[in-house]
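Student: I'm new to this one and want a quick walk through it. Can we take it piece by piece?

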Amino acid sequence: MSNHTSVATSTSIIGSSTCVLLIARNAFREAVRDRVLYNLVLFVLLLTAGAIFLGELSAGQETKIIIDLGLSAMLLFGVFIAIFVGVGLVYKEIERRTLYAILAKPIGRGQFLLGKYLGLCLTLLVNVIIMGAGVSLALIYIRRGWDPLAIKIWPAIMLIYFELMIITGVALLFSTFSSPALSALLTFFVFVIGHFSADLKSLSSTSNQVAARLVFRALYYLLPNLTTYSVITPAAHGSSPDMQSIILAVAYTIVYSIVLLAVATLIFSRRNFK
Amino acid sequence: MPVIEINNLTKDYEVGFWRKQKVRALDGLSLTVQPHQIFGFLGANGAGKTTTLKLLMRLIFPTAGSARILDRDISDVSMHARIGYLPESPYFYDYLTAREFLNYCGELFGLDTSVRNARTEELLTRVNLDQKSWDRQLRKFSKGMLQRVGLAQALVNDPEIVFLDEPMSGLDPVGRREVRDLIAALRDEGKTVFMCSHILSDIEVLCDSVAILKGGRVARSGSLEELRAQETNAIEIIATGADSSALKQVLSAKAEVTSTPSGIRIEVADEKDVDSVIAALRKIGGKLVSVQPVRQSLEDLFV
């Protein structure tokens, strides 16, 4: 055909990272168009209502409560998105058969999975940044002027985001082999138990039964230690996590996420899409 | 040199709660497809057509056997840059518009922005998708419109081989005709088309060669002409002006006589008996209309 666009010559195998970024961008676009970010409206309403109500309280208490309320809501909204969008990332693609046409293109399954993960992480990042800005603005509004806490809360916000990255990885891992409902339940359990990591450790040494000790020890090492990221209460009291704990949390997030994604890829690469 | 080589491809599905029971969907399938032709992969529902395509696209993994496409093993991801695939009853990201989806597919093949944009418009025009729909989200598309988008995305990279799983499904008669013309044009451009279908008329009109799949095995394969010529020496005689019951009596075991709206159809099993049958027909006042060899329809072979 004479008017045929010359494609054969311009087709090239794109790099792995480009491919992952393209899939991530598309996953982000999906979240935006499926109105995932609408949760921000609810968050802003909650924060506004809180700020108005807190006007009645004595000075000094309102900032503490705004930070506590804002960061807790940020974590809960984020976990809600990480779980419910995360468990659907792969399952929805299989169920709706949208991945058939995509995987028939020169894309590895690992790249696909990593792209989907990063896409949701990007969605959560936007979510967390907007929510964080909302909390900072609320603090400034309450003080009727500049409040250093508006900046001081950001290391804590960063740690919340890292926790959400871990939860997203867990949800993605479960979704590679189980149904969304079961995946959501299991991820929620991991989230809850992950916040009791210290208790698991003490149970693993104090329990009377050997089997129980082994189970608690296995759970302690296997499940993510989410207490690393729990700095909402100190942040509400005006203290920020030190640099060492932040670096530790970043390293822990990276290593744990890599392990989660590696296991998820291993499972996903062997899966038959009937 | 064949562009598709399938050797002893077998697929068992594990079923049941403990997945201990096995159901064989494909049983030692072997076939080759030559370049620049339309290859029809025929079979009833559940014969294993889609399973074969999914194996070739590495959406599922074989229990045994191997396959090569364009002289590369199917596990070679880079080979996928040279092929296109339309899944059965396709579903795409419904939050994207047709234009965005094709653009995205072009990006995954590493096409430059200018080439991608031009290619997107060219393909959407080629599959006759109404221009007003190009910028509408796919969630608002009918099944036929999605099928057209599916065809377009399978051609984004200007592939050497196009795999089409039931390409006519969901299309109205006009749409079927258009898609049929499109598939024929792909062959004229030098591409190889591997097409799964259970619609015999489409295969009969389009395909250069076919393989008929039954119970996960190739029951027959070859060019359409070869297949039709197989196992038939029968001759069909059409006549008028004779009484069919009288003719039946005269011919007895030599031929099968049936009345049709246009006259009497006499099927003579052995070519040697044709002269005697014509003589008997004339004797009872019948008039000869035509004599021709019986050609098996694809349906005869299929059933």
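Student: Which residues is B:Thr97 in contact with, leaving aside its neighbours within four places in sequence?
Tutor: B:Thr97 is in contact with B:Trp134, B:Asp135, B:Arg136, B:Gln137 and B:Leu138. Contact means heavy atoms within 4.5 Å.

Student: What kind of model is this?
Tutor: This is a predicted model, where local features need pLDDT of at least 70, side-chain atom pairs count only at pLDDT 80 or more, and totals for chains, interfaces and linings use all residues. Residues are numbered from 1 along each chain as its sequence is written, chains are lettered from A and ligands numbered from 1 in the order in which they are written, and side-chain values use heavy atoms, with hydrogens and water left out.

Student: Back to B:Thr97. Where is it found?
Tutor: B:Thr97 is in the loop between strand S6 (83-86) and helix H2 (98-108) of chain B. Helices (H or I, at least four residues) and strands (E, at least two) are DSSP runs, numbered from the N terminus.

Student: Is B:Thr97 buried or exposed?
Tutor: B:Thr97 counts as buried, at 10% relative accessibility. Buried means under 20% relative accessible area, exposed over 50%, and partly exposed in between, with a 1.4 Å probe and protein chains only.

Student: And H2(B), at what angle does it pack with H3(B)?
Tutor: The angle between H2(B) and helix H3 (residues 113-126) of chain B is about 130°, and their axes are 9 Å apart. Axes are lines fitted to C-alpha atoms, for helices over the stretch in contact, and angles run from 0 to 180 degrees between N-to-C directions. H2(B) and H3(B) are therefore oblique to each other. Angles under 35 degrees count as roughly parallel, over 145 as roughly antiparallel, 65 to 115 as roughly perpendicular, and the rest as oblique.

Student: Which residues meet there, H2(B) to H3(B)?
Tutor: From H2(B) come B:Ala98, B:Arg99, B:Leu102, B:Asn103, B:Gly106 and B:Glu107. They meet B:Arg116, B:Asn117, B:Thr120, B:Glu121, B:Leu123 and B:Leu124 in H3(B). By class, this contact of H2(B) with H3(B) has four nonpolar, four polar and four charged residues. Ala, Val, Leu, Ile, Met, Phe, Trp, Tyr, Cys and Pro count as nonpolar, Asp, Glu, Lys and Arg as charged, and the others, Gly among them, as polar.

Student: What about the phi of B:Asp158?
Tutor: B:Asp158 is not a glycine, but its phi is positive, at about 50°. B:Asp158 lies in the loop between helix H4 (143-154) and strand S7 (161-165) of chain B. B:Asp158 is buried, with a relative accessible area of 15%.

Student: And B:Asp188, buried or exposed?
Tutor: B:Asp188 counts as exposed, at 64% relative accessibility. B:Asp188 lies in helix H5 (residues 173-188) of chain B.

Student: Zoom out. How many helices and strands does chain B have?
Tutor: Chain B has 10 helices and 14 strands. Its radius of gyration is 24 Å, well over the 19 Å that the globule rule gives for 303 residues, so chain B is more spread out than a compact globule. That radius is taken over C-alpha atoms, and the globule rule is 2.2 Å times the number of residues to the power 0.38. Buried residues make up 54% of chain B.

Student: Now chain A. How many helices and strands there?
Tutor: Chain A has 12 helices and zero strands. Of its 274 residues, 50% count as buried.

Student: How do H7(A) and H12(A) pack, at what angle?
Tutor: Helix H7 (residues 154-175) of chain A and helix H12 (residues 243-269) of chain A pack at about 15°, with axes 9 Å apart. That makes H7(A) roughly parallel to H12(A). By class, their contact has 19 nonpolar, three polar and no charged residues.

Student: Last one. What does A:Val231 touch, not counting residues up to four places away in sequence?
Tutor: A:Val231 touches A:Ala156, A:Leu159 and A:Pro241. A:Val231 counts as buried, at 13% relative accessibility. The place of A:Val231 is in the loop between helix H10 (210-222) and helix H11 (232-236) of chain A.
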